[in-house]
Amino acid sequence: MEAFIAFVQDNLLMIYSVTFAVFLGFELISKVPTVIHTPLMSGANAISGVVIIGAILLIRQTPSDDYLVLSFGLLGVILGMINVVGGFAVTDRMLEMFKKKK
Amino acid sequence: MMSSFWFDTAYFAGVLLFIIGLQRLGHPATARRGNLLAAGGMGLAILAAIFSPLQTDYGNFLWIILGLAIGAAVGFMAAKRVQMTSMPQLVSLFNGLGGACAVVISMVQLIGVEQTSPMSQPELGTILLTLVVGSVAFTGSLVAWAKLDGRLKDNALVPPFPTIFNMGLLLVSLGMVIYLAIIGEGSSLWLISLLAISLVYGITFVSPIGGADMPVVISLLNSFTGLTAALAGLIYGNQVMLMGGILVGSSGTILTVLMCKAMNRSLWNVIIGGFGSSGGGSSSAAAGEQVAKELSRPDAAILLAYSQSVIIVPGYGLAVAQAQRACRALDNELTARGVDVSYAIHPVAGRMPGHMNVLLAEVDVPYEKLLDLEQANEALPNTDVVIVVGANDVVNPSARTDTGSPIYGMPILDVDKAGKVLIMKRSMRPGYAGVQNPLFFLENSFMLFGDAKDTLQALLQETKVGV
């Protein structure tokens, strides 16, 4: 419990910003027309690929001869990058069709 | 340090671009720009992550570049090659890979990296939670992908007493997270058991949920991946991961809730409900007595050509048969003959919300022709002919009347109120929710069996030559 209280006190500013981000996410999406739900979900999915940054930082912090951890880091970067690039590319393909007919 | 200031600025700009991108993505006119802005934000964040100064930094840039190159090539090819009709599966698969990425890094943090100082309880708890949520997002998305891709039957991999089983797994895994965080124990055996339980939970969490609810599940799993990214951001003290993840987590959650509302059900009901598993034994028995009427293609073509107004109701069958182009061609022919043709789009038709909109946009159906649920239900009683192309549950009148039906209460398109209903179906099998549809046996309903694309093309030919 003490560790928890200390954690809260050390990270107060972060707790504020996280709370605001939660409400911002709600607000951004709550008035969206159904037409756009699929591309929106796909775009949001691409953004969730931001977890790739963790894999990049992991590789940078690993000693260069620790091949096992480096390989796992590599796997993480590959998986994350498929999510990011594939996600944005497929969203763009969907939205390209919306644009055509105007 | 000066340089660190600029990298922090790049991270900040990345978060800002995510926010603006998400906002623009919410409006059809600006969505494409929004997507590119968010992608730009991601590029900026990745560059900053590669070059920003770190306390312990071994470089290893070749490893990073190699991973980025392979991932980008695979992701790009997959996105370019996929058929538009199987996009929901692909999004689900991408989402699962994001979850897998989080699993890999949290596992390595726990076992592979030698700690200079022991982790605090909140730190350890965060990593363990990343592992659990990431695993659920990973295997859950894979199951959703396999179901949508037709690789997994609806009742496959379902544990006995799914609700109790899943509650048990959830409690055990969360209990283990709390216990391990408090005792500060990170032994491999514990961690691998936790990983295994979470991976299994992801499978058994999604497997009992019927295919009709997959849009909701994908959206929910998407917000799980966002949450994982945010948790991983806490581990690395990285603001882009934290904020990007939270944004996806909260917007994904609200999108999930919106979709549940469209079906008039609660999220809880979707998760424990397992559509179709309770599916109407009584109604299917009653249906055995009834016979659906078939209509020949020439007769159907005449009916269409001499009607004043036609509403097309597309469903997943349209996507499976790749029939959007044939559908558009028939629409053109009828419109040229002076028939008023429009499309009724149910919010959860297909396998993703807006799935039908994307398919129809692909073949240049103008916005004005697309009616949403309310507009369509206003227009349907004054419509001569409705063509149901591979939709089933979203036009099932028992959702209005039969309190015993598992889909009772879901808002539907009231196609039975139109003059005549033509239903294109491959067979008399019930729809994805596993519920029998009394619509097929109504006085004004006519079945056109066969592949939706073939049937539409045949109707087009008959309309062109025969009438």
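How many residues does the contact take from chain B, and how many from chain A? In this predicted model, the contact draws 94 residues from chain B and 78 residues from chain A. On the side of chain B that touches chain A, two or more residues are given by each of α1 (2-25), α2 (31-51), α3 (61-81), α4 (87-112), α5 (121-148), α8 (214-236), α9 (239-262) and α15 (355-362) of chain B. Of these elements, α9(B) gives the most, with 15 residues. Sorted by class, that side of chain B has 59 nonpolar, 29 polar and six charged residues.

One helix pair across the contact can be described in detail. Two packed helices are described by the angle between their axes and the distance between the axes. For helix α3 (residues 37-48) of chain A and α4(B), the axes come within 9 Å and cross at roughly 20 degrees. Because angles under 35 degrees count as roughly parallel, α3(A) is roughly parallel to α4(B), and the crossing of the two helices is left-handed. The residues that make this contact are A:Met41, A:Ser42, A:Asn45 and A:Ser48 on α3(A), together with B:Val91, B:Phe94, B:Asn95 and B:Gly98 on α4(B). By class, the residues of the contact between α3(A) and α4(B) comprise three nonpolar, five polar and no charged.

Chain B itself contains 18 helices and six strands. Its radius of gyration is 25 Å, close to the 23 Å that the globule rule gives for 467 residues, so chain B is as compact as a globular protein of that length. Taken along the principal axes, the C-alpha atoms of chain B fill a box of roughly 80 × 50 × 30 Å. Of the 467 residues of chain B, 54% count as buried, and among the contacts in this chain with a separation of 6 or more, 80% are accounted for by residues 24 or more positions apart.

When its neighbours within four places in sequence are left aside, B:Leu422 is in contact with B:Leu295, B:Ala300, B:Val385, B:Val386, B:Ile387, B:Val388, B:Phe446 and B:Leu448. B:Ala379 lies 43 residues from B:Leu422 in sequence, and the two are 17 Å apart in space, C-alpha to C-alpha.

Technical notes
Residues numbered from 1 in each chain as written. Chains lettered and ligands numbered in written order. Predicted model: local features only at pLDDT ≥ 70, side-chain atom pairs only at ≥ 80, totals over all residues. Contact = placed C-beta atoms within 7 Å. Helix = DSSP H or I, 4+ residues; strand = E, 2+ residues; numbered from the N terminus. Nonpolar A, V, L, I, M, F, W, Y, C, P; charged D, E, K, R; others polar. Axes fitted to C-alpha atoms, helices over the stretch in contact; angles between N-to-C directions. Parallel < 35°, antiparallel > 145°, perpendicular 65-115°, else oblique. Left-handed = near helix turned anticlockwise from the far one by under 90°. Rg over C-alpha atoms; globule rule 2.2 N^0.38 Å. Buried ≥ 20, exposed ≤ 12 C-beta atoms within 10 Å, placed from the backbone.
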